[in-house]
Amino acid sequence: MTEPVVRIPDAKVALSTASVYPESTATAFEIAARLGYDGVEVMVWTDPVSQDIEALRRLSDYHQVPILAVHAPCLLITQRVWSTDPWVKLQRARAAAEKLGASTVVVHPPFRWQRGYARDFVRGIWRMAGETDVRFAVENMYPWRYRDREMLAYAPDWDVTKDDYRHFTVDLSHTSTARTDALAMVDRMGDRLAHIHLADGNGSAKDEHLVPGRGKQPCAEVLERLATRGFDGHVVIEVNTRRAMSAAEREADLAEALAFTRLHLASPTGVPRP
């Protein structure tokens, strides 16, 4: 038998429900099913459906789209979603993941003003990770910039590779905003890299979340490097489609992102080297 021309890793390609904003969580399931995504990552935020486990289960069953990950409510706009206590938020995210069959909870490092939470964050994440089969994948962030000023908004650090976590999420829009080397960060994460937020950026101070291939981040190279490693985590399309002029334009962007991802996960560089 001839050797295969390409090798496709076991990684599943999912759609973040945040990618359809300002449309609803329910719309994300519908689009994911229509375009052929392998699943969704639920961004828990102000949409009541995103907070309702039974509603999410019904959407998943109806569209036959599995929920692969739950993004804990870590954003500024979700400070009161699922409690004001950040540890309660993570406990509820873990419970949701367990009930929905998701393998991963994505979590941001604390804001610096969450002093008690930040002080115990690394130990606490290890403690929670030891209580479940769900992976807590801590996501890289970025310094906040205004004109010539830079504010370190996250603690212990926006570069999560400086601390000891069991699992990581790498977000390529965040590497762009941080103006850091995405490939080097992926290498530092090594075997602990469990989850990808795939998006692009041009190095703006704003977190752009462009469709992969439309910015300056090495999106293709990251996917190809993962293919050579046999990456078996999830690759989640997390892009900003708020400027789409119509539902059709939004869907075209998400179809393009999916095609880009599958193309580069199945590139010739994925062939095992002798």
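Gln64 is exposed, at a relative accessible area of 65%, where exposed means over 50%, buried under 20% and partly exposed in between, computed with a 1.4 Å probe and protein chains only. Good morning, colleagues; I begin with this residue and its backbone. The structure is a predicted model, in which local features need pLDDT of at least 70 and side-chain atom pairs count only at pLDDT 80 or more, while totals for chains, interfaces and linings use all residues. Residues are numbered from 1 along each chain as its sequence is written, and side-chain values use heavy atoms, with hydrogens and water left out.

Gln64 lies in the loop between α2 (53-63) and β3; helices are DSSP runs of H or I with at least four residues, strands are runs of E with at least two, and both are numbered from the N terminus. Its phi is near 55°, a positive value in a residue other than glycine. His209, in the loop between β9 and α8, also has a positive phi, near 50°. Is His209 buried or exposed? His209 is buried, with a relative accessible area of 10%.

Most residues other than glycine have a negative phi, and most peptide bonds are trans. Two cis bonds deserve mention here. One joins Tyr21 and Pro22, with omega about 15°, and Pro22 is found in the loop between β1 (12-16) and α1 (25-35). Another runs from Ala155 to Pro156, with omega near 5°; Pro156 sits in the loop between β7 (149-151) and β8.

I turn now to helix α7. Which residues of α7 (residues 182-189) are buried? They are Ala182, Leu183, Met185, Val186 and Met189. These residues cover an arc of only 160° around the axis, so they lie on the same side of α7; the arc is that of the directions from the helix axis to the C-beta atoms. They pack against β8 (167-171), α6 (172-178), β9 (193-198) and α8 (219-229), contact meaning heavy atoms within 4.5 Å. At the start of α7, a side-chain oxygen of Asp181 comes to within 3.0 Å of the backbone nitrogen of Leu183. Just after the helix, Gly190 takes a positive phi of about 55°.

Finally, the surface. Ile77, in the loop between β3 (67-71) and α3 (86-100), counts as exposed because its relative accessibility is 54%.

Technical notes
A polar contact is a pair of N or O atoms within 3.5 Å; within protein, one must be able to donate a hydrogen and the other to accept it, and residues adjacent in sequence count only if both atoms are side-chain atoms.
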